[in-house]
Amino acid sequence: EKGYETGEHAPGLKLGGCGAYRAAHHIIKTHAKVWHSYNNTWRREQRGMVGISLTSGWGEPVDPHSQTDRDAAERYIQFHLGWFANPIYRGDYPEVMKNYVGKKSAQQGLGTSRLPSFSVQEKTYIKGTSDFLGIGHFTTRYVLQKNFPFLQVSSYHTDHDLAELVDPSWPAPGPKWLYSVPWGFRRLLNFIKTQYGNPLIYVTENGVSESLQCPQLCDEWRIQYLKGYINEILKALNDGVNVKGYTAWSLLDKFEWNKGFSERFGLYHIDFKNKNKPRYPKASVDYYKKIISANGFPNPREVMP
């Protein structure tokens, strides 16, 4: 969306209402081709695995007793994770995506939906092309129904007719978009289990950045974030979710999309102004080392039911 619709990220194209869908369509088909190439040529010899890593937040209905809010939360997750995961695990785009984008395209007088379609052969070719699912997850939103005016310029953002809210009590140590909501991760993982046949999961990204540098490298909020989210993964494991591995994001402060070096996710602080780029461990390094050494929480009392 940011690369092909809003133009915030490279390649900076502003193809409103269709660019993101077309780019995603090519990504999914290309991924399937790579998977089949490996499966046919290298798997027998190397016995490796090919998967895809998808980043998604979790959408929770503002009012769990409201059917419209529950439907909006369902659209949130299907327009994010389901957009890519549904074709790969179930053979086609989510029905709600096809319905909403198709309906809005028709209202605009377009002869076909702005969401491309897969042929019968492509659906068969794409379905099942993942030996594991990589999941990047950072935060959660409350979701409710919101109808966008018909005459408004079409976009991926307005196609799903919903609004996102946050709870002001949620910790937000870093950028405005990243609130610490650990319980959302467990719900996302259970959604994946239910929707896609409990696939093998590797958590490929999970972490928090800081907007202000702490001169003492005392990132206590990152320790609490990691503790909360890893604890929810443990709960998901007890739920029967097939999580095989976890990667904290990230080892080092680094170049972060259009934020450059200003948004720091690293366990290690990097002095970018020094030509040698020296690295300094933040407080979270020692904590994370203990988790790695124990392959879990060293103190069982830290695990919250």
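User: How many cavities of 30 Å³ or more does a search of the whole structure find?
Analyst: A word on the basis: this is a predicted model, in which local features need pLDDT of at least 70 and side-chain atom pairs count only at pLDDT 80 or more, while totals for chains, interfaces and linings use all residues. Residues are numbered from 1 along each chain as its sequence is written, and side-chain values use heavy atoms, with hydrogens and water left out. On a 1 Å grid over the protein atoms alone, a cavity is a set of points where a 1.4 Å probe fits but cannot get out, whereas a pocket is an open set with protein on both sides within 12 Å along at least five of seven lines. For cavities of 30 Å³ or more, the count is two.

User: How much space lies in the second largest cavity?
Analyst: Its lining, meaning residues with an atom within 4 Å of a point, includes N206, R222, W249 and F265. By class, that lining holds six nonpolar, three polar and one charged residue; Ala, Val, Leu, Ile, Met, Phe, Trp, Tyr, Cys and Pro count as nonpolar, Asp, Glu, Lys and Arg as charged, and the others, Gly among them, as polar. Taking volume as the space filled by probe spheres set on the grid points, which are joined across faces, edges and corners, the second largest cavity comes to about 40 Å³.

User: Which helix gives the most to the lining of the largest pocket?
Analyst: The largest pocket has a volume of about 1,700 Å³. Among its 43 lining residues, E1, K2, H9, T55 and H80 are the closest to its centre. Helix 1 (19-41), strand 1, helix 3 (67-90) and helix 6 (156-159) each supply at least two lining residues; helices (H or I, at least four residues) and strands (E, at least two) are DSSP runs numbered from the N terminus. With six residues, the one that gives the most is helix 3.

User: Which strands stand at the edges of the four-stranded sheet?
Analyst: The sheet is open, with parallel pairing in the order 1-3-6-7; two strands pair if DSSP finds at least two bridges between them.

User: In strand 6, what is the bridge partner of G136?
Analyst: Strand 3 (residues 133-136) and strand 6 (residues 201-205) run parallel and are joined by four bridges. In strand 6, G136 has as its bridge partner E205.

User: What is the average twist from one strand to the next in the three-stranded sheet?
Analyst: This open sheet has the order 2-4-5 and mixed pairing. Strand 2 and strand 5 are its edge strands, each pairing on one side only. With axes fitted as lines to C-alpha atoms, for helices over the stretch in contact, and angles running from 0 to 180 degrees between N-to-C directions, the average twist is 40°.

User: Which residue in strand 5 does Y142 stand opposite?
Analyst: Strand 2 (residues 58-61) pairs with strand 4 (residues 140-145) in the parallel sense over four bridges, and E60 has Y142 as its bridge partner there. Strand 4 also pairs with strand 5 (residues 162-165), this time antiparallel and again over four bridges. In strand 5, Y142 stands opposite L165.

User: Are the residues on both faces of strand 2 buried or exposed?
Analyst: In a regular strand, side chains alternate between the two faces of the sheet. Here W58 and E60 lie on one side of strand 2, with G59 and P61 on the other. Buried means under 20% relative accessible area, exposed over 50%, and partly exposed in between (1.4 Å probe, protein chains only). All four residues are buried.

User: How many disulfides does a search of the whole structure find?
Analyst: A disulfide counts as a pair of cysteine sulfur atoms within 2.5 Å. C18 is partly exposed at 22% relative accessibility, and C218 is partly exposed at 37%. The number of disulfides found is zero.
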